[in-house]
Amino acid sequence: MEFWTATVSAPTRSADFARRAEAAGWDGMLVVDSQNLSGDPYICLALAAEATETLGLATSVTNPVTRHAAVTASSALSVQRLSHGRMVVGIGRGDSALAHLGRAPARLGWFERYVAHLQAYLEGREIAFEDVDIPENAAGPTEVLGLAGEPETSSIRWIGDGPKVPVEVVATGPRVIGIAARHADRVLLALGAEPKRIAWGIETARQAAAEAGRDPDALRFGAYVNVVCHDDPAVGRELGRATTGLFARFSVMYGEISGPADAEQAEVFHNLHDLYDMNAHGQAGGRQTTALTEDFIDGYAIVGGPDHCASRLGDLVDLGIEKFLVMGPNFAAPATDARAAAARFAEDVLPRLRGV
């Protein structure tokens, strides 16, 4: 069982955050990849690798548009070598990184092709130049240079030995879950913390794997969960409102709801879609957070004392989730209540679930 905490990509603070996360018992550290809103994730992960010994390191999440697959592979392999095998590539279709370039998430076909190419690069395989996906109007073929010799295919030539960097695909809708089931080393579900929604995601992935000829029993699952460990639910809901809204939006990004939802939940999802302001992405006080009712937060997220948090997470373990990417207050949060909630989770919840 793994538990990972998350932070922004802040080069001046990443090493200290990593040391504190490792000391607090977290298994890994996730950093944002959103170039207009935060620093470069691979620089932050490299600094974190130098500051720690066992802490896992991952992008949360990169996308298939702002970097070529060979560049992503090379960056990930650099951190992998520096950290002696602790790097993970977390990837999705893109959200704020693309929105701040005036673009929607990557198209499904492009995304699947990218993930397949990324896996090939990380495994040391070769990709034909005609499949490299560089537009002709950006750069022509090398033939125009009249070189005496040139490479015949694309590959990471310095890959060397060592464990492969895992690729974990973050998925919400059924088609992206299918892509993850076909290509990922782990399927990371971003569906909230309700068992019915997680069960739907797992079954969707298993069906897609079977249809693609991949053993469904070989799939590995993780989940992004919004968690606030606080004895006062009212305080906890407010501490988790911004990140809950950020992640719940993924289930209704295009106006249609992914996964099961009752009538009241559907109304909240649709209101969240209509109110979402990317200028206040993930921020407390953003108008999108007003769409979230108490009942919705209590279902989609996990808010309560240690017993409640451990029980809710245990329900997801029973379904097959073996890695939790915990969203919500962390120990570096500026607010005292937020830091206290993060410490409470690490001290009173993590130990209960380690043996599960």
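This is a predicted model: local features need pLDDT of at least 70, side-chain atom pairs count only at pLDDT 80 or more; totals for chains, interfaces and linings use all residues.
Local features were kept only at pLDDT of at least 70 and side-chain atom pairs only at pLDDT 80 or more, while totals for chains, interfaces and linings use all residues. Residues are numbered from 1 along each chain as its sequence is written, and side-chain values rest on heavy atoms, with hydrogens and water left out.

Side chains of opposite charge can pair when their charged atoms come close. Searching the whole structure turns up 22 salt bridges (a side-chain nitrogen of Lys or Arg within 4 Å of a carboxyl oxygen of Asp or Glu). One of them joins R113 and D131, at 3.5 Å from N to O. R113 sits in helix α5 (residues 108-122) and D131 in the loop between β5 (127-128) and β6 (153-154), so this pair ties together parts 18 residues apart in sequence. Helices (H or I, at least four residues) and strands (E, at least two) are DSSP runs, numbered from the N terminus. R113 is partly exposed at 32% relative accessibility, and D131 is partly exposed too, at 29%. Here buried means under 20% relative accessible area, exposed over 50%, and partly exposed in between (1.4 Å probe, protein chains only).

Another salt bridge pairs R237 with D298, their closest N and O atoms lying 2.9 Å apart. With R237 in helix α8 (residues 233-249) and D298 in helix α10 (residues 294-300), the pair ties together parts 61 residues apart in sequence. R237 is buried at 12%, whereas D298 is partly exposed at 27%. Elsewhere, salt bridges with shared partners join E2, E168, R186, R220, E322 and K323 into one network.
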